[in-house]
Amino acid sequence: MSNSIASNRSTLKEFLASIATIQGDLSNITAPPFVLGEFSTVELPQYWADHPSLFISPAQEENGEKRALLVLKWFLGSLKNQQYAGRKEEDGVKKPLNAFLGELFLGSWNDEAAGETRLISEQVSHHPPVTACYLWNDKYGIRAEGFTQQEITFSGSVSIKQKGYAILHIDKYDEDYLIPVPNVKVKGILSGTPYPELVSSYSIISSNGIVSEVKFEGKSLLGLGGGSKNSFEARVYRSDSPKDELYTAKGSWNGSFSICDARSGQEVENYDVGAQKAFPIVVANRSEQDPWESRRAWGGVIDALGKGDMKGTTDAKSIVEEGQRQMRRDEGAKGEQWQTVFFERRQSDPVFERLSAVHQDSFTLDSKGGIWKVNSDAISHSKKPYHADLLPTGQIVENKDAQTNGKVSGTASDQHIPKADEQLHSEQTLVTPNATDIKAKTQEHGSDDSSGNANNVAKPSTVEDVSQQDMVSDTTIEAMLRAKYQSAQR
């Protein structure tokens, strides 16, 4: 065991050293398997609503100004779990698995007061990688849809540029809120205690004419010039009267913040982010999931990680990733394009264009990544198996009864979601390539992503010519740097 740990440390040291030599885009790097988390990037949208009462609260408020304030509170209150993927800060974070094209994540929260809130997340693009999501609560008539794409660069510090946006809609008031996805910078690298910091200024823009402007500051370099870790200041005002503030908010998105009525000077609320209980999302048992649902598709990887089996992790990842690469090659040869299930690409978004005009600097889009909107008909009518007899490995299932097990019929809107205390278990046997064949292929072609490009898994610390599917997320960077710090302390 000690030799294995020493080997891991050595590999990670080389890997981190390689990052430090890169000037520019970090898309083309691959990480050792021992820093991986037991979840995929397609799961990350769940942290927008793991406080269901916070998500639905704007729909319960009749006053327009207070609704805008509650949307701001929801936005701020969700940031901590988004940045740390639901983990405690002191526990560090893990690198999520890179979602493959077509990967799905479906689940819900059932709260006595809030009712049922549902989530569908789908990896809709491969080059570049884009995740789209849809959150909705029919009881209170509130829904949010959005998409995100990341671009990672290194020039003295790690910078994560987020491209995309979300739109929150409240049915009762026919009201839209344009929500930004903030950029992230990993600080504290030189001190050995790295942490994510949100940077720049952004605006939440409502169709009712109210704007919530948020400025993220954080601690300045070497403590010079003041500033506090994870700090922000926000002001709420009407777009036609920006100097007349309605509300202000100030504090830490990772700790507590105060909200004040700017007109009276009185504090409205002091909100402690850490004191709020997060509710874990409930997903179907693995055996009841569609083969393209994340936890079933990555089941072999998740199980190997849970046992600390790094070789098993690499082998299981290779089976999925090699299958995905072959699917991309086959599609290219046939001139075909992958068909998404729940989201569709649009050329434009009139709501975004109208609202973003108020503060265009809050949003960045990539024409290659596209604009993605939910397909409402698909939510109501798409049935499992979502891709017929095709598996994520590129194989065709031999027995459809074995695929569905008689339990996955029905649409996304009426599927069975188990109670929270039901455990994921009973992995089903899927028709996958022979592991020996995959190993031979990965030795020949390399594997660490789900692209059509080759990576060398035998040397995970080297910078490789890989696809953008291996683009490192904010939690990826945090995981690797924290691992370096923890190893140094042992």
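A: The largest nonpolar core has 52 residues, and those with the most contacts inside it are Phe 55, Leu 168, Ile 179, Phe 216 and Phe 232. A nonpolar core is here a set of buried Ala, Val, Leu, Ile, Met, Phe, Trp, Tyr and Cys residues joined through side-chain atoms within 4.5 Å; buried means under 20% relative accessible area, exposed over 50%, and partly exposed in between, with a 1.4 Å probe and protein chains only. Helix α3 (residues 64-77) supplies the largest share of this core, seven residues. Helices (H or I, at least four residues) and strands (E, at least two) are DSSP runs, numbered from the N terminus. Apart from this core lies another, of 39 residues, among them Val 124, Tyr 165, Leu 305 and Phe 343. In soluble globular proteins, nonpolar side chains tend to be buried together.

The model is a predicted one, in which local features need pLDDT of at least 70 and side-chain atom pairs count only at pLDDT 80 or more, while totals for chains, interfaces and linings use all residues. Residues are numbered from 1 along each chain as its sequence is written, and side-chain values use heavy atoms, with hydrogens and water left out.

Leaving aside neighbours within four places in sequence, Leu 168 is in contact (heavy atoms within 4.5 Å) with Phe 55, Val 71, Trp 74, Ile 142, Arg 143, Ala 144, Glu 175, Asp 176, Tyr 177 and Ile 179.

The charged pairs come next. A search of the whole structure finds 25 salt bridges, each defined as a side-chain nitrogen of Lys or Arg within 4 Å of a carboxyl oxygen of Asp or Glu. Side chains of opposite charge can pair when their charged atoms come close.

A second bridge joins Asp 366 to Lys 163, the closest N and O atoms being 3.8 Å apart. Asp 366 is in the loop between α8 (350-356) and β18, whereas Lys 163 is in strand β8, and 203 residues separate the two. Asp 366 counts as buried because its relative accessibility is 18%; Lys 163 counts as buried because its relative accessibility is 11%.

The side chains of Lys 384 and Glu 293 also meet in a salt bridge, at 3.1 Å from N to O. Lys 384 lies in the loop between α9 and α10 and Glu 293 in the loop between β16 (267-272) and α5 (294-297), so the pair ties together parts that are 91 residues apart in sequence. Both residues of the pair, Lys 384 and Glu 293, are buried.

Lys 384 also takes part in a backbone feature: a cis peptide bond joins Lys 384 and Pro 385, with omega about -5°. Pro 385 is found in the loop between α9 (376-381) and α10 (400-404). Ala 388 lies in the loop between α9 and α10 and has a positive phi of about 55° although it is not a glycine. Ala 388 is partly exposed because its relative accessible area is 41%.

A network of salt bridges links Glu 65, Arg 238, Asp 261 and Arg 263. Arg 238 has Ser 241 as its bridge partner in β14. Eight bridges join strand β13 (residues 231-238) to strand β14 (residues 241-252), and the two run antiparallel; strands pair if DSSP finds at least two bridges between them. The hairpin from β13 to β14 passes through two residues. Five bridges join β14 to strand β15 (residues 256-261), again antiparallel, with Gly 251 opposite Phe 257 in β15. β14 and β15 form a hairpin with three residues between them.

Confidence should be kept in view. The protein chain averages a pLDDT of 79, and 69% of the residues score at least 70; pLDDT is the predictor's confidence in each residue, from 0 to 100. Over residues 415-479 pLDDT stays under 50, and the model has 191 contacts beyond four places in sequence for them. Where pLDDT is low, the predicted coordinates should not be read in detail.
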